[in-house]
Amino acid sequence: MPLVIPDISLSIAAPEVGLAILICVVVIADLFTSMENKAGMGVLSLAGVAILALIVLFQWGGGAQTTFSGFYIADDFSSFVKLVVFLTTIFTILLSLQYAKVEKINYGEFYVMILFAAFGMLVMASGNDLISIYLGLETMSISSYVLVSFIRHDPLSREAGLKYFLMGAFASGILLYGIALTYGLTGATSLTEIATALSGPQGAAIADDPVMVFSMILIVSGFGFKLALVPFHMWLPDAYTGAPTSIAAFMSVAVKMATVAAIIRVFFIAFPALAGKWNLLFWLLTVFTMVWGNVAAIAQTNLKRMLAYSSIAHAGYIMLGIVATTKIVGGKVVFTPDGLSAVLFYLVAYMVTNLGAFGMLIYLCREDFRGDNIEDWRGIGQDHPWAGMAFVVFFLSLGGFPPTAGFVGKLLLFGTAIQNEYYWLAVIGILTSAISIYYYFRVVMVMYMEPRGESQPAIEFSKAPSIFVALVVLVIATIYLGLFPGSIITAAKSSVAGLL
Amino acid sequence: MENFLLTLIAFTPLAGAVILMLFFKREQTVAIKVFATAVTVVDFLLSIPLWTRFDTSEAGFQFVQKVSWIPTIGVSYFLGVDGISVLLVLLTTITMIVATVCSFTAIVEREKEYYVCLLLMATGMLGTFMAVDIFLFYVFFEITLVPMYFLIGIWGGKRKLYAAIKFFLYTLFGSVLMLLGILALYFVNLKLGTGTLTFDLTELYAVGPKIPIGLQSWIFLAFFVGFAIKVPMFPFHTWLPDAHVEAPTAGSVILAGILLKMGTYGFVRFVLPLLPQASQMFVPFMVLLSIIGIIYGALVAMAQTDVKKLVAYSSVSHLGFVMLGVFALNQQGILGGQLQMINHGISTGALFLLVGIIYERRHTREISEFGGLSSVMPIYTTIFAITMLSSIGLPGLNGFVGEFLILVGAFKASYVYAAFAVIGIVLGAAYMLWLFQRMFFGTLDNPENQKLTDCTPREILYLLPMVVLMFWIGLYPRPFLSRMEASVGKVVKMVNVAAAPMNTKAAALPAGVRTQPKAKNF
């Protein structure tokens, strides 16, 4: 039997290859670094990721190229997602440099695990096959489990890690089962081949097969777990509350971005034949997620936990865009690319905003005072108007208030919903988004309208320049994207142009 | 220069706020006050050309500035004023001076933030009235909520936190639904109208009548919720008394004088011309709510024991009048509604100022605490009397002109409408006169009141422009009406263009012909 050498082009997969090299470099360099200088690993990772981000930028506009026997695809869509992942990584590291010391988790492995997670995300973004997507997902997930439980001396963090791991492993199993069933029915794991197998008269028979529908439900649930859509969200509030704050920020943005990218590829490319069914499922999940995420957030007294619920709610808005992208006219499925570009824009907007909101928590955090309760923010707006204002900007953006990035993002998402006549979805979505203002502004109220208690510790923000720089950039970006979103919208549009 | 004038007016307060934030220390309270006042005065001076150089024969937008802003989704930075908005812009710039000056002694803590909020408020409101692009309009419309939230929540009364969040959420719920309406309009235009993605109002005006009535009704309802909460129309008014009572004086003045006008303005600017058939279809419904608002607001006002609350409920009643005029859908009605918006801003704004003056002295607003004030505060009593009479609609003062026009408009639409509206006027006179009697006449038996001092020169100074305007509009309304006529005529023409059979009275009016209302000839 002749040996067939698969087509492998490392240059197409340059970001992944580069990241793998970077990981090795950091791991080795870590061996020669003393405990006090572990932040150097962060700086090294930061520099490496910044270079890789430039490489991705360089690949932009190169058209779709596949390699690794079709397991891997590099196109503008994947480049867009990768850029967001890299940017999130950069900000996460910036926010972690000093924070890791505060939480006494200043090990080289901390940064290595972040890079590993990012590696998984890149693979998910470029996965062109259910297997490669699954592999990426697992790489990302396992690294996240470790990261969540990284504060070993804190039982809360350990508990969070264990919960996340058990639920996540369970979800991966479900997803894998769905993939296996799909393979059994269609004989393929490649996204395009699955689509071919499901088209035509023969394909229609397979698509209607109850087993196929069941496998699709499993895949939806599997991704639902990873994205924490209600009712698969149970792990998230605990995981985020226990995790190091910078990791909660990282996960809320990057994990979401990568999972959404995988969902877009899997459902829009492999399963258009089943669009009516998965769209209905997602419709329900979206409504549950938007409503419950926002309602549950109202009751929280811990700011980190509130942001966790808010991030569930935001997953709902993102899914709203995906649902609204699909329009079924007389049994025929039509996809609106503008819906996907709205989703991508929203993710960018959400990135700058949510990283900023979590960043504020890190800014207040110090060794003997975590500052993640809403009460801890009492009176801060009065004594530190600039810090208070930055937080207000992030809250306004999270609540979808003009002129911030979040507003434009929601406008585009709801615009797609209106365009494709998902009126109820739009109404439910926008009303829940108005509800969200209530709990965001409760914090604003505490910050500005209630005096700081006598017994409360004095306010002392972190003096680390890295955190300060990150927050300033994020505030400016949040407002800038609200005022001048044009270039990002155009980029998002062109990135999905070749996809559908 | 002409092109940048509106931008300059709208963003001068914002620039002032930024300078205040960056270059002033908290302790420099006097400098902060002087600077904030200077900014509002400069802004007013800048807005004077809008009065002098306004072309009264032009129905469309003037002083236009249009720059492409977010071309990918068809958003432009498009400012302009026409007869419907120009007076509101001027009212805003005047009110802002008054609101700033009246706060000098009333606000004694965190002054810097306070004046920053006031100035931000000004930019939001001016932008709302100037925006011709719906996206831009929405941005400004929403922005005003944030500084107002802080004004009520930080410098408000006892239940300020509750009032602030109630105000915020209530108006937000309305405006987000309106956003869906805006988006629907935007996509309808793509299908039925120009086929382009645009938020440009002048282009969207063309598509309005082509929208099928079913969809038009839904869009109408979306806009209705947004604007009716802002106005506020019955039964969406419950946030208003709370917000008014808890807000500091300047907050109440801005709220009554300008913020509420954003709702009524929205109806005239967007709802009537963009959704003509739906507007006509909903006339009975809208008129019913307006009349309930007029009578209910007046009755509840009568029962109040707190002066500020009484004035707040009188706003509900007065804005019911405005809405009645607007939904008469004829020249006189809308013209009257427009003028009454200005009048209400002046009269009710002045009433809130007067309430603020007495509150600063006595720290109570209970009517029963007062009595016989006329003997210790003659100037105050005189100004209060003029303002009250203006609010009631005494001939010779501004309220009369507006109410008369509204009644003429309502009468033309239906006798029934006018009949109910007249009841409201009678009730309005009743609660105001009764209030006046209880506060100013009778014996000065409360020893606390005997120590009261009359208005200071500063107080007289900021009340004076209001009083002058009351007389000016009351005696010679011509310059005000002439500025609005052409644009109002255009709206009337647009809303009646479909000539829906369901409203024959409105359609029977020669569309667009500027019928000279009798009211202007007295």
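# A predicted two-chain model, step by step

Helix α12 of chain A covers residues 275-298, which makes 24 residues. From its first C-alpha to its last it reaches 34 Å, close to the 34 Å expected at 1.5 Å a residue. The model is predicted, and that applies to everything described below.

β3(A) and β4(A) run antiparallel and are joined by four bridges. One pairing to look for is that of Thr326(A) with Phe335(A), its bridge partner in β4(A). The two strands form a hairpin with two residues between them. In the turn, Gly330(A) has a positive phi of about 55°.

A positive phi also occurs in chain A at residues other than glycine. Ser69(A) has a phi near 55°, and it lies in the loop between β1 (65-67) and β2 (72-74) of chain A. Is Ser69(A) buried, exposed or partly exposed? Ser69(A) is partly exposed, because 13 other C-beta atoms lie within 10 Å. Lys104(A) is not a glycine either, and its phi is positive at about 60°. Lys104(A) is in the loop between α3 (76-102) and α4 (108-126) of chain A. With 12 other C-beta atoms within 10 Å, Lys104(A) counts as exposed, since the cut-off for exposed is 12 or fewer.

Now take chain A as a whole. It has 20 helices and four strands. Its C-alpha atoms fill a box of roughly 75 × 55 × 40 Å along the principal axes. A compact globule of 500 residues would have a radius of gyration near 23 Å, and chain A, with 22 Å, agrees with this. Of its 500 residues, 62% count as buried. Among contacts in chain A with a separation of 6 or more, 80% are between residues 24 or more positions apart.

Chain B can be described in the same terms. It has 22 helices and two strands, and its C-alpha atoms fill a box of roughly 70 × 55 × 40 Å along the principal axes. For 522 residues, a compact globule would have a radius of gyration near 24 Å; the 22 Å of chain B agrees with that. Buried residues make up 61% of chain B. Of the contacts in chain B between residues at least 6 apart in sequence, 80% join residues at least 24 apart.

Met148(B) gives a local view of this chain. It is placed in helix α6 (residues 145-155) of chain B. Why does Met148(B) count as buried? It has 25 C-beta neighbours inside 10 Å, and a residue is buried if it has 20 or more. Leaving aside neighbours within four places in sequence, Met148(B) is in contact with Met121(B), Phe167(B), Gly251(B) and Leu259(B). Ala247(B) is 99 residues from Met148(B) in sequence, while their C-alpha atoms are 8.9 Å apart in space.

The loop between α9 (213-230) and α10 (239-246) of chain B contains Pro232(B). A cis peptide bond joins Val231(B) to Pro232(B), with omega about -10°. Pro235(B) lies in the loop between α9 and α10 of chain B as well. Phe234(B) and Pro235(B) are joined by a cis peptide bond with omega about 0°.

The two chains touch each other. Here 24 residues of chain A are in contact with 25 residues of chain B. On the chain A side, the elements that give two or more residues are α17 (405-419), α18 and α20 (486-497). α18(A) gives the most, with 12 residues. The residues on this side of chain A divide into 19 nonpolar, five polar and no charged.

Last comes confidence. The model scores ipTM 0.92 and pTM 0.92. Chain B has a mean pLDDT of 87, and 95% of its residues reach 70 or more.

Notes. Residues are numbered from 1 along each chain as its sequence is written. Chains are lettered from A and ligands numbered from 1 in the order in which they are written. This is a predicted model: local features need pLDDT of at least 70, side-chain atom pairs count only at pLDDT 80 or more; totals for chains, interfaces and linings use all residues. The radius of gyration is taken over C-alpha atoms; the globule rule is 2.2 Å times the number of residues to the power 0.38. Two residues are in contact if their C-beta atoms, placed from the backbone, lie within 7 Å. The expected span of a helix is 1.5 Å times one less than its number of residues. Ala, Val, Leu, Ile, Met, Phe, Trp, Tyr, Cys and Pro count as nonpolar, Asp, Glu, Lys and Arg as charged, and the others, Gly among them, as polar. Two strands pair if DSSP finds at least two bridges between them. pLDDT is the predictor's confidence in each residue, from 0 to 100.
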